[in-house]
Amino acid sequence: MAELATEPIVYSFTDHRVYREESPLVIAEGEGIRIRDTAGKEYIDALSGLWHANLGFSDAELIEAATSAYRRLPAFPCALGRGSAEAQALAHELLAAAEGRFSSVYFAASGSEAVESVLKFLWLASNADGTPDRKLVVTRDSGFHGTTLGAASLAGIPNQHAGFDLPLPFTVRVPRAHYYRDHLDGESRAEYVDRIVRTTRSRIEEAGPENVAAMIAEPVMAAGGVLVPPEEYWPAMDRLLTDLGIPLVADEVVCGFGRLGPLFGHRRFGLRPAAVTVAKGITAGYAPLGAVLLGPDLTRSVAGAAESYGVLGHGSTFGGHPVAAAVARAHLRALAERGIEARVAALEASLRTCLEGLLELPVVGEVRCVGGLAAVELMADGASRRPFDPERRIGRRVARKARELGLIVRDLGDVLALCPPLITDTGDVAEIVSRLRDAITATLKEET
Ligand SMILES: Cc1ncc(COP(=O)(O)O)c(C=O)c1O
């Protein structure tokens with residue numbers, strides 16, 4: 001039996017054993033890409049909070065949008081045939097920004113809730129369309145889609161299931177796209193993609209494509225290790241899904257709103273999703289909001305089901321909160337007016353240049369970078385892809401050392417993930433990578 005916790009907050013995604021040695025980091029304030037803890041120590045937050053504070057921590061326009069929205073209408077739902085003017089306007093603006101691909105927007109309060117909602121809509125649609133066997137959802141190893149029962153079932157990360165009696169039995173698991181770790185010796189990227197797409201096809205065929213409602217996928221996996229797919233991967237998957245008649249749900253909770261450059265992450269890879277889930281960066285993290293953008297087919301099926309059952313038996317109080325909607329609208333304006341796509345291209349270039357410098361360290365196996373997402377994968381020997389003994393918890397120790405050096409990164413096993421605010425400039429990128437290099441070398445020195 002564990003001792004009674006002394007921490008008043010049950011921190012998520014945290015090994016609670018750390019509290020025996022250290023206290024949680026408690027942040028008092030932030031400015032730009034920097035945050036300050038209650039003792040006054042400053043950090044560069046190279047994770048943007050939890051992949052969400054995309055404009056840093058002091059954006060005057062977003063703060064003003066929230067403040068004035070609070071004065072106009074501080075609370076209102078999107079339910080019972082009523083909604084706020086802000087939510088209504090945001091829905092129109094999102095659909096316009098998506099250039100006609102989608103027909104309606106469902107508002108939630110978080111990414112998990114958006115994913116859970118799209119699962120329910122897929123099931124509702126399969127019943128409404130007279131194909132009630134179409135309930136399976138294809139999902140990938142290392143994928144992450146949130147923590148509610150359905151969303152967590154989609155995860156391909158073992159700690160999301162252990163002890164929770166998950167996954168629920170509606171998923172078809174297929175390979176992730178992680179060339180560096182998973183390719184066979186001598187296998188080219190194209191051959192590797194060919195192999196994993198063939199495995200994907202055979203897993204779906206075993207389950208029966210006629211039983212599959214959709215495949216859900218992050219355009220670039222974030223929590224699974226910032227896995228940037230080889231360029232051949234998405235075109236091959238697009239052909240496969242088209243061939244099998246399976247719609248794609250793009251989970252853009254991290255990849256949306258400029259994180260990969262374009263407003264929608266699927267555009268970076270030319271994907272044609274039937275639905276998109278967003279949250280986090282939709283408000284640059286300044287207010288909780290999630291959304292599902294539904295294509296015409298799903299829109300029709302959901303509306304038809306709501307008519308035939310007499311009600312859409314799904315919803316939430318806080319989905320589409322008027323203040324969150326106002327912040328999201330201000331964010332959409334900011335993204336357009338400040339040329340974020342071009343800024344992200346510059347951020348990607350400087351992240352890539354600086355991180356590639358780390359490859360001279362023998363323990364750096366691979367660096368990955370796309371848009372404002374990046375990762376450094378540590379290995380006992382990078383060249384031969386020999387991993388560290390997990391017991392050594394190298395990634396966690398490097399992240400802890402980085403924190404001592406005033407840098408926040410996320411350890412995902414021995415992968416160090418970077419997701420700096422999209423306003424991070426070249427000088428700050430150099431500072432982030434320099435602190436990370438110092439953290440890696442200091443941690444390994446402690447070992448010897
Ligand atoms: C791809 C993806 N989907 C869904 C979620 C869940 O979002 P939330 O934490 O807002 O519930 C996350 C969270 O990190 C995510 O990365």
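The following questions and answers concern a predicted model.

Visitor: How far apart are the end C-alpha atoms of helix α9?
Guide: Helix α9 covers residues 296-309, which makes 14 residues. At 1.5 Å a residue the helix should span 20 Å, and the distance in the model agrees with this expectation. The end C-alpha atoms of α9 are therefore 20 Å apart.

Visitor: Which elements do the buried residues of α9 pack against?
Guide: The buried residues of α9 are Leu298, Thr299, Ser301, Val302, Ala305 and Ala306. In an α-helix there are 3.6 residues a turn, so residues three or four places apart point the same way. The buried residues of α9 pack against β4 (104-108), α4 (111-128), β9 (275-278) and β10 (290-294).

Visitor: Which residue just after α9 takes a positive phi?
Guide: Helix α9 ends at residue 309. Just after α9, a positive phi of about 90° is taken by Gly310.

Visitor: Which residues make up the uncovered face of strand β2?
Guide: In a regular strand the side chains alternate between the two faces of the sheet. Strand β2 comprises residues 34-37, and its covered face holds Ile35 and Asp37. The uncovered face consists of Arg34 and Arg36.

Visitor: In which sense do β1 and β2 pair, and which residue of β2 is the bridge partner of Gly30?
Guide: Strand β1 (residues 27-31) is joined to β2 by four bridges, and the pairing is antiparallel. The hairpin of these strands has two residues between them, and Gly32 takes a positive phi near 60° there. The bridge partner of Gly30 in β2 is Ile35.

Visitor: What is the omega of the peptide bond from Leu166 to Pro167?
Guide: Most residues other than glycine have a negative phi, and most peptide bonds are trans. Pro167 lies in the loop between α5 (149-153) and β6 (171-174), and Asp165 is placed in the loop between α5 and β6, with a positive phi near 60°. The bond from Leu166 to Pro167 is cis, with omega near 5°.

Visitor: Is Lys280 buried, partly exposed or exposed?
Guide: Lys280 is found in the loop between β9 and β10, and its phi is positive, about 35°, although it is not a glycine. Buried means under 20% relative accessible area and exposed means over 50%. Because its relative accessibility is 23%, Lys280 counts as partly exposed.

Visitor: How many residues apart are the salt-bridge partners Glu22 and Arg403?
Guide: The side chains of Glu22 and Arg403 meet in a salt bridge, 3.4 Å from N to O. Glu22 is in the segment before β1 and Arg403 is in helix α12 (residues 394-404), so the pair links distant parts of the chain. The two partners are 381 residues apart.

Methods: Residues numbered from 1 in each chain as written. Predicted model: local features only at pLDDT ≥ 70, side-chain atom pairs only at ≥ 80, totals over all residues. Heavy atoms only, no water. Expected span 1.5 Å × (residues − 1). Buried < 20%, exposed > 50% of the residue type's maximum accessible area, 1.4 Å probe, protein only. Contact = heavy atoms within 4.5 Å. Pairing = 2+ DSSP bridges. Salt bridge = Lys/Arg side-chain N within 4 Å of Asp/Glu carboxyl O.
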